[in-house]
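Have the model open while you read.

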Amino acid sequence: MVADKGKKSKVSDRIVEEDSDHIDGELVLSIEKLQELQDELEKVNEEASDKVLELEQKYNEIRSPVYIKRNEIIKSIPDFWLTAFLSHPALCDLLSEEDQKIFKYLGSLEVEDFKDVKSGYSITFNFNQNPYFEDTKLTKTFMFFDEGTTKITGTAIKWKEGMGASNGVNHDKKGNKRPFAEESFNSFLASSCCMKAIDQPHLDPNRHVEYFFAWFSETQQKDTADGLHDEVADIIKEDLWPNPLKYFNNADEEESDGDEDDDEERGDDEDEEQEDEDEDGNEEDS
């Protein structure tokens, strides 16, 4: 009986091993098939990315003459870009009073993708002759390399004598560095206009920035894996540039709302005065 039990035990162990080998074999086969399908999907995704880039390049060429016409019209509107910046919930905190004076000389703004859109883009501010700096074109460029690095370059501004931070421009009286307003920043993130670019980095409300023109000197080269990005550039490119009229019109709406509030306050004051006059009249009659 003991011998029979030993034989049964060995047979049982062998069956378990065979079942285990069978299961392991099926698992390996399934994983191999899954990997093949995943590789196939990767090829499709790569092909799709190439097609998307081709379409983006095609439509960039179509948009280009429209942007040129738009810029020509904008030039005829006084303080267009200054107003658009000041009406933007995140960018408005970039401009000090002195920066706003300089922005009055801004003729046009251009955001241009490189022909190979995945290799980078540039943001250019075209200024009229002004008493602040010699340059008429200030550009910030972002170049993306295959090895995963991003190079950021900017125009070294040639300030005229007595101008510029190093020459004593009177920026914020509280100091050159000013925090972004957290309330306006959070409102921007929560707004529908931000949804399209929601995956893009945005202005950190705790980030401190010197006056706007110091942004051109913020240049570096770093691995993208280290989280290198430029929040100001992201918002200009992804939100302001596609439809600046939206923010320019915001200024008119805000002024209109302010006028309505003033009218309501005046109406309330007049009602109160009328009530006081009625009360005085009643007292005299009695």
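What follows covers the ground rules, then the strands, the aromatic rings, the charged pairs and one surface patch.

## Ground rules

This is a predicted model, so to speak of local features we need pLDDT of at least 70, and side-chain atom pairs count only at pLDDT 80 or more, while totals for chains, interfaces and linings use all residues. Residues are numbered from 1 along each chain as its sequence is written, and side-chain values use heavy atoms, with hydrogens and water left out.

Helices (H or I, at least four residues) and strands (E, at least two) are DSSP runs, numbered from the N terminus. Two strands count as paired if DSSP finds at least two bridges between them. Buried means under 20% relative accessible area, exposed means over 50%, and partly exposed is in between (1.4 Å probe, protein chains only).

Let's begin with β2. Strand β1 (residues 106-113) pairs with β2 in the antiparallel sense over seven bridges, and the two form a hairpin with six residues between them. One spot to look at is S108, which stands opposite N126 in β2. Seven bridges also join β2 to strand β3 (residues 137-144), again antiparallel. Here G120 has M143 as its bridge partner in β3, and Y121 has F142.

M143 also stands opposite K151 in β4. Strands β3 and β4 (residues 149-154) run antiparallel and are joined by five bridges. They form a hairpin with four residues between them, and G148 in the turn has a positive phi of about 95°.

How many residues of β2 are buried? Eight of the eight are, so β2 is largely enclosed by the rest of the structure. Both of its faces are covered: G120, S122, T124 and N126 are buried on one side, and Y121, I123, F125 and F127 are buried on the other.

## Aromatic rings

Rings of Phe, Tyr and Trp (its six-membered ring) pair if their centres lie within 6.5 Å; planes under 30 degrees apart count as stacked, over 60 as edge-to-face and the rest as tilted. By this rule there are 26 aromatic pairs. Take F80 and F248, which are stacked at 4.8 Å centre to centre with 20° between the planes. This pair links distant parts of the chain, with F80 in helix α2 (residues 80-87) and F248 in helix α6 (residues 244-285), 168 residues apart. F80 is buried at a relative accessible area of 5%, and F248 is buried at 16%.

Now for F125 and F216: their ring centres are 5.6 Å apart and their planes are at 85°, so this pair is edge-to-face. It too links distant parts of the chain, from F125 in strand β2 (residues 120-127) to F216 in the loop between β6 (208-209) and β7 (220-223), 91 residues apart. Both F125 and F216 are buried. They belong to one aromatic cluster whose members include F85, F103, F127, F133 and W159. F133 sits in the loop between β2 and β3 and is buried, with a relative accessible area of 1%.

## Charges

A salt bridge here is a side-chain nitrogen of Lys or Arg within 4 Å of a carboxyl oxygen of Asp or Glu. The count comes to seven. K140 pairs with D230, with the closest N and O atoms 3.1 Å apart. That bridge links distant parts of the chain: K140 is in strand β3 and D230 is in the loop between β7 and α5 (231-240), 90 residues apart. Buried or exposed? K140 counts as buried at 0% relative accessibility, and D230 is buried at 7%.

K237 forms a salt bridge with E238, the closest N and O atoms being 3.5 Å apart. Salt bridges that share partners join D113, K237 and E238 into one network. K237 does something else as well: its charged end sits over the ring of Y121, 5.0 Å from the centre.

L55, Y59 and I62 make a nonpolar surface patch of about 290 Å² (Shrake-Rupley, 1.4 Å probe). Patches are made of residues with over 30% relative accessible area and no salt bridge, like charges being joined within 9 Å and nonpolar side chains (Val, Leu, Ile, Met, Phe, Trp, Tyr) within 5 Å. Y59 lies in helix α1 (residues 2-75).

Technical notes. A charge sits over a ring if NZ of Lys or CZ of Arg is within 6 Å of the ring centre and within 35 degrees of the ring normal.
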